[in-house]
Amino acid sequence: MPDLAELTARAEALVPVLRERAARAEELRRLPDETIADLHASGLFRVLQPKRVGGSELPFRSLVELVAIISRGCGSTGWVLANLAAHHWLLGMWPRQAQDEVWGDSPDNLIGSALIFPRGRAKKAPGGYRLTGRWPFSSGVDPCAWNLIGAIAQDEDGGGPAEPRIFLLPASDYQIIDTWHVIGLSGTGSKDVAVEDVFVPDYRSLAVGQITGGPNPGSAVNPSVLYQLPAISLFAFCIAGVSLGIAQSAIAHFAETTRTRLSSYTGRNLADYNTLQVHLAEAAAYADAARSMMLGDCDEATRLVSAGAMPSLEQRARYRRDGAFAATLSTKAVDLLFAASGGGAIYARHPLQRAFRDIHAANAHYVLNWDINGAIYGRVALGLSPDATF
């Protein structure tokens, strides 16, 4: 499979193509079939997939970098790539039987997710669980052959402690319900999925606590550090790369168009205005800070696990904080340039209006919400329970 340099070149080549398709993705409310085909052909879906099944198995930070590039062309495409590529990474932590069932059929099988745990209930049954529920926001679900679905599990009699678990289901076991009529990230096709009393065998179920860092059921066949990283703590970086790419695209567009743009009222060259120069500098600094923060944390976590250690509670809380803050900084960059662009940016043909809508939609995700994740860090820093599993 391709290395990072090759995948970077392939991602860069797709940016203008995806930019041309962005309006069509919004109209379809899902990614066009040819975009899914391009992501398959490029190898981008398999950036974090184990080498033993033909994946690239690149360092975790690679997903942040590649998703940001793709998101410069289309935020919706970046969002779907971030999620579906991350699910190959997560599956590498599951029992081999589950991995072989998915990838043995085809290593190109796409895996969706629906991980709002309180929306589902699972009860222990002989040899597995019985699962029921309905979940929103299953991004990119249409072309997926499988889905990672979160629910609260209990014993057969309903007693005992409740536990958040993830269940791996084939597409035949869930129904897709088209509820995706939204104003941002419209092309992600993040529809509802519903499950009605479906049996899930034990080997296709995993407790959330098993993927918070260190050896896990997949370690016997995927011993790489990549699959021992604390997945719950780091997941925000997967999708925060989308916000970063949207901001980077907005910055590049603003700089390019402002160089030759004249004021409608004075006829002066807008590039001469000190205020616009400062706004551009501030937006670029926000984006650069977001990128440095995310990649620094990814590298730190990888170094720690490589050395046989695990990130501390304080470090994991910081990862949650930094993922959300990086998305917040990226959003500030877009907001600043959207306001600085004046009335022209409100036209449907203007790229900044889509950047504005998409980046605010991205920040609605639980792991990118600043209030939620900032509070987790604050609680830990003050010696309190984090009130969250990570």
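Predicted model: local features only at pLDDT ≥ 70, side-chain atom pairs only at ≥ 80, totals over all residues.
Reader: How many helices and strands does the chain have?

Author: Helices (H or I, at least four residues) and strands (E, at least two) are DSSP runs, numbered from the N terminus. This chain has 10 helices and 8 strands.

Reader: Why is the chain called as compact as a globular protein of that length?

Author: Take the radius of gyration over C-alpha atoms, then apply the globule rule: 2.2 Å times the number of residues to the power 0.38. For 390 residues the rule gives 21 Å; the chain has a radius of gyration of 21 Å, so it is as compact as a globular protein of that length. The C-alpha atoms fill a box of roughly 75 × 45 × 40 Å along the principal axes.

Reader: What share of the residues is buried?

Author: Buried means under 20% relative accessible area, exposed means over 50%, and partly exposed lies in between (1.4 Å probe, protein chains only). Here, 54% of the 390 residues are buried.

Reader: What do the contacts say about residues at least 24 apart?

Author: A contact means heavy atoms within 4.5 Å. Count contacts between residues at least 6 apart in sequence: 72% of them join residues at least 24 apart.

Reader: How do I check the span of a helix, say helix 8?

Author: The expected span is 1.5 Å times one less than the number of residues. Helix 8 has 28 residues and should span 40 Å; its end C-alpha atoms are 41 Å apart, which agrees. After helix 8 comes G342, with a positive phi near 70°.

Reader: Which residues of helix 9 are buried?

Author: First, the general idea. An α-helix has 3.6 residues a turn, so residues three or four places apart point the same way. Now the case: helix 9 covers residues 351-362. Its buried residues are L352, Q353, R354, A355, D358, I359 and A362. Their cover includes helix 1 (4-28), helix 4 (75-91), helix 6 (231-258) and helix 8 (313-340).

Reader: How many residues of helix 4 are buried?

Author: Helix 4 is mostly covered, with 17 of its 17 residues buried. Helix 4 reaches 24 Å from its first C-alpha to its last, close to the 24 Å expected.

Reader: Which residues other than glycine have a positive phi?

Author: Most residues other than glycine have a negative phi. One case here is E57, with phi near 50°. E57 sits in the loop between helix 2 (33-42) and helix 3 (61-73). Its relative accessibility is 21%, so E57 counts as partly exposed. Another case is D197, with a positive phi of about 50°. D197 belongs to strand 7 (residues 191-201). D197 is partly exposed too, at 40% relative accessibility.

Reader: Where does S249 lie, and what does S249 touch?

Author: S249 lies in helix 6. S249 is buried, with a relative accessible area of 18%. Leaving out residues up to four places away in sequence, S249 touches R19 and R72. S249 and V334 are 85 residues apart in sequence, and their C-alpha atoms are 9.3 Å apart in space.

Technical notes: Residues numbered from 1 in each chain as written. Heavy atoms only, no water.
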